Amino acid sequence: MKHVSGSLQADAEAQVRVPTRRTLAKQQTRAKVLAAARTLFSEQGYEGATIRDIAATAGMSTGAVFANFSDKADLFREIMTSDIEALAIAMREAAAHSRSVEEGLLRVFTAGYGFYKNQLPLARAAFSISWSPEQGPALRSLSPVPALTELITEQLLIGIERGELSADSEVKLRSQMLFDCYLANYPEAVFDGWSIEALQAKSRDQIRVILAGVRRG
Amino acid sequence: MTASQHPRRGGRLSQKDATRQRVLDAARELFEARGYEETPVREIARKAEVSVGSVFTTFASKGEILSRVMADRLDDLYAELDGVVPHLRGSTADRLRSMFAINYAFETQRTKLFLAHIAAAYDWTLGSEARAYGRTPRLLKIAHDCLAEGVTRGDVDPAVDLGMVVDLLVAAYAWTYRLAARDGADAATMSAVLDRQIGLIAEGFRPRSGPTVGET
């Protein structure tokens with residue numbers, strides 16, 4: 001029986017070790033597919049990028065892609081989730097230690113435009129898909145999305161705390177408006193190729209109007 | 001390189017125009033009856049009695065056909081607004097509220113189609129012609145005229161950049177559509193939200209000193 005238990009033990013060890021190696025390989029495969037998908041979405045747009053091209057760019061079979069992702073929409077959501085998480089971090093870092101609400105908000109906006117400056121086709125695809133009846137709801141409900149409006153809300157709350165804005169500032173509505181205004185400026189960046197400086201100048205004026213009613217002193 | 005920029009003689013141009021119109025008529029009927037996603041270009045071609053190939057020599061994509069169909073629909077709306085806006089009463093904020101409420105009421109007759117139109121406006125394959133969503137020059141002009149009238153009446157600060165305020169108003173108007181996309185909100189619900197937003201924007205454009213005038 002010694003022999004049997006030894007073999008069982010070996011099996012148990014193998015079960016622990018082998019999946020780890022497999023998991024690692026799987027992660028590498030996923031990363032490769034995601035990188036290829038990001039490149040193709042940026043170059044061809046969402047509709048133009050096919051799973052077959054993505055697989056070819058990643059140097060694997062379409063079967064291998066489908067073993068890791070259920071479909072193209074799944075790939076796109078995965079990319080968006082990691083992007084929005086990274087974006088929220090970039091915005092938060094940019095806003096830290098701002099001296100005024102206006103400066104903080106402007107830094108949040110600018111961090112956003114800067115983040116997408118080199119991948120505007122991806123931003124364009126994200127806008128388009130977020131309005132599509134089939135895929136829009138799933139994209140809008142990605143877990144890191146609310147963090148972006150929350151960042152704006154935080155800036156307003158800091159302003160209230162510092163006495164820069166009045167306590168009765170309709171924070172929720174103003175946050176939404178500021179976020180919408182941030183989003184609404186993307187067409188200029190996407191279609192008209194405005195510079196970051198031009199987008200920033202426009203945003204500053206817009207932020208001033210939205211906050212005009214609640215500024216103190 | 002559109003036909004109108006390079007007019008050719010007689011036959012060819014008018015045939016191209018005729019094809020274009022037939023495709024648009026067929027597309028409008030099918031989009032309204034079935035929906036945008038549910039209508040393949042093949043069906044549009046069949047109904048218009050033209051080949052799929054000639055649909056694509058006239059339009060770059062289905063998204064562009066939708067943009068054109070919607071632009072034509074919106075032309076009707078703007079004609080209506082041109083007649084109504086001069087007669088709107090109240091403060092500039094109130095006149096803007098009424099004007100955008102008319103937009104919502106009109107557009108939500110076909111909410112799904114309008115949302116598809118918004119999505120298509122960001123489509124990768126479309127040219128700048130498709131930027132219709134919330135940015136049609138006529139809508140921008142109507143909003144701008146409303147504000148300019150406010151400057152004359154005295155409840156809009158003459159020092160304010162009106163174009164920038166128009167952009168803000170249109171941003172609020174357009175993105176409030178998320179309520180329709182997400183919760184299926186109707187025109188009245190969206191108007192109620194936009195009314196509050198216009199109120200906040202109005203705080204930013206009213207004259208700096210003295211009481212608000214023009215409220216009577």
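Chain B reads α-α-α-α-α-α-α-α-α-α along its sequence, a total of 10 helices and 0 strands (DSSP runs numbered from the N terminus, with H or I of at least four residues for helices and E of at least two for strands). This is a predicted model, in which local features need pLDDT of at least 70, side-chain atom pairs count only at pLDDT 80 or more, and totals for chains, interfaces and linings use all residues. Residues are numbered from 1 along each chain as its sequence is written, chains are lettered from A in the order in which they are written, and side-chain values use heavy atoms, without hydrogens and water.

- Of the 216 residues in chain B, 49% are buried (under 20% relative accessible area, 1.4 Å probe, protein chains only).
- Contacts (heavy atoms within 4.5 Å) in chain B between residues at least 6 apart in sequence join residues at least 24 apart in 69% of cases.
- The largest nonpolar core holds 136 residues, and A:F76, B:I65, B:M99, B:Y173 and B:Y177 have the most contacts inside it (such a core is a set of buried Ala, Val, Leu, Ile, Met, Phe, Trp, Tyr and Cys residues joined through side-chain atoms within 4.5 Å).
- Helix α8 (residues 162–175) of chain B gives the most to this core, with 12 residues.
- Leaving aside residues up to four places away in sequence, B:Y177 touches A:W131 as well as B:Y104, B:E107, B:F114, B:L115, B:I118 and B:M190.

**Interface of chains A and B**

- The two chains bury about 3200 Å² between them, 66% of it on carbon and sulfur atoms (accessible area lost on being put together, 1.4 Å probe, summed over both).
- Chain A brings 34 residues to the contact and chain B brings 27.
- There are 4 salt bridges between the chains (a side-chain nitrogen of Lys or Arg within 4 Å of a carboxyl oxygen of Asp or Glu).
- One of them pairs B:R178 with A:D180, with the closest N and O atoms 2.7 Å apart.
- On the side of chain B that touches chain A, α6 (111–121), α8, α9 (178–183) and α10 (187–205) each supply at least two residues.

**Local features of chain A**

- Helix α4 (residues 72–95) has 24 residues and should span 34 Å at 1.5 Å a residue, which agrees with its end C-alpha atoms being 34 Å apart (the expected span is 1.5 Å times one less than the number of residues).
- A:D71 caps the N-terminal end of α4(A), with a side-chain oxygen 3.3 Å from the backbone nitrogen of A:A73.
- After α4(A) comes A:H97, with a positive phi near 65 degrees.
- A:S169 lies in the loop between α8 (145–161) and α9 (171–184) of chain A, and counts as buried because its relative accessibility is 3%.

Definitions and conventions:
Polar contact = N/O pair within 3.5 Å; in protein donor to acceptor, adjacent residues only side chain to side chain. Buried < 20%, exposed > 50% of the residue type's maximum accessible area, 1.4 Å probe, protein only.
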